[in-house]
Amino acid sequence: MSTFNPSVNVDPNAHSPALKSAISKAARHLMPMLVILYFVAFLDRTNIGFAQEALSVDRGISEGAFALGAGIFFIGYAIFEIPSNLLLKKFGARFWLARIAITWGIVAAAFAFTTDDTMFIILRFLLGVTEAGLFPGVIMFLAEWFPNKVRVQMFAIFYLAQPFSQMLGAPLSGGLISFGDTVTPWQGWQVMFFVEGMLAVVAGIAALFFLVNSPQKAKFLNQEEKDALTEVMAREDVVRTEDGPSGIWRAMSSWKVWYFTIIYFCLQIAVYGTTFYLPQQVSGLIGQEVGWQVGLISAIPWLVGLFACYFFGKHASTIIRRRNWGTMFYLLTGLAILGSAWAGANGMPFLGILFITIAVASFLSVGPITWSYPTAFLTGTAAAAGIGLINSLGNLGGFVAPIMRTGINEAIPTESGTWGVVSLGVFAFLAAAMLYCTRFFRARADALLEDAPPGH
């Protein structure tokens, strides 16, 4: 095993072919499995949007219970996020990510047997508990495998699971509902929940065979590639240790960690406030009931977002691009959400879907950029605690969004629910201002993103 060489060049574009080869091989072997895991996770989080009306009719699930159930997922998620991340450090990503997928898949399938408001809310809470740690665990896993220069690209590839899950998942969910209603003796929503829950169980079992905990244990890398990747990550660990807090409690009290927690909270309000109600919003715009046609149209924003996320993630390789593009995408998210509310209020379906598409493409593109900041100064147990804190409390935006949107629509009722949608966009503007203000931060980690290798 190689020793750490402080003169190692951290720019993979200027380094030895061994480092380039190691990064390329790692991406090919690890990213598909991680994308599949997040694909089914995002699918199981959001498929309740397709079952809202059916659950109301068949099981009497009230609108208030639906809103609470949609959001309470994030309470369970938040409570167990940091412990789950620390256990991932103890047991290794391979085992722990597989465990997460299998247990949440079982809970997701159990939604097929929902009987009333109470059971629905309990299952949503348990879904958050069992899925806790997946997203931050993968973020931490990627930060240990890939240098900062290419990390946003890897985050972006991981984020592709979101548009894939909605682009393919929207017609899949709609199709399973239609299939269940017409072909099986069960209700369509029951078939949807059970099949999509079992997909997570299968993905979790597959993760045991495809994930590898560290470069030195990777059979797909030769020794030269292992050494090159290990050394460059060791150099980055030195920089992250000097820039960031050490240990669990210092990470959780770091002002930088809390700063990015607020940014991520604002992002999640926009993401989940839009995602949970996307089928209903599209249904209202085109005047069709939720089903196959609504599912296909709902896939359009995610298809556009897929290409935007990958393109900008691949090219966000400097600190200036990350800051400026991130600020721009937060602004676009907010403006597009406001635009979709205006189009809905004025009966303009084409413009409404266009604005929704811009919002989805923008918040998908800004997510990987946002995560590049905390992973540049957090490492070790500080990363487990800090990344877990940012994701858990940030994801409470997913709890606040549906309740806030429903409450505002009840307080200021309109036919299209305009003011509830408007409330979601405001938080994106706050995130834009905060991300832009990172230009005043001073961090050695920024040197890792210079086009020229440090010291040259």
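A residue is called buried when its relative accessible area is under 20%, exposed when over 50% and partly exposed in between (1.4 Å probe, protein chains only). By that criterion helix H17 (residues 349-372) is mostly covered, with 18 of its 24 residues buried. The model is predicted, so that local features need pLDDT of at least 70 and side-chain atom pairs count only at pLDDT 80 or more, while totals for chains, interfaces and linings use all residues. Residues are numbered from 1 along each chain as its sequence is written, and side-chain values use heavy atoms, leaving out hydrogens and water.

**Helix H17**
- The 24 residues of H17 should span 34 Å at 1.5 Å a residue, and the end C-alpha atoms lie 36 Å apart, which agrees; the expected span is 1.5 Å times one less than the number of residues.

**Packing of H1 and H11**
- Helix H1 (residues 17-46) packs against helix H11 (residues 223-243) at an angle of about 90°, with the axes 8 Å apart.
- H1 and H11 are therefore roughly perpendicular to each other, a term that covers angles of 65 to 115 degrees.
- The contact (heavy atoms within 4.5 Å) involves Ala18, Leu19, Ser21, Ala22, Ile23 and Lys25 of H1, together with Glu224, Glu225, Ala228, Leu229 and Val232 of H11.

**Nonpolar cores**
- A nonpolar core is a set of buried Ala, Val, Leu, Ile, Met, Phe, Trp, Tyr and Cys residues joined through side-chain atoms within 4.5 Å.
- In the largest such core, of 126 residues, Leu97, Trp104, Trp145 and Phe146 touch the most other members, and H1 gives the most to this core, with 18 residues.
- A second, separate core has 11 residues, among them Ala341, Ala359, Met404 and Val421.

Technical notes: Axes fitted to C-alpha atoms, helices over the stretch in contact; angles between N-to-C directions. Helix = DSSP H or I, 4+ residues; strand = E, 2+ residues; numbered from the N terminus. Parallel < 35°, antiparallel > 145°, perpendicular 65-115°, else oblique.
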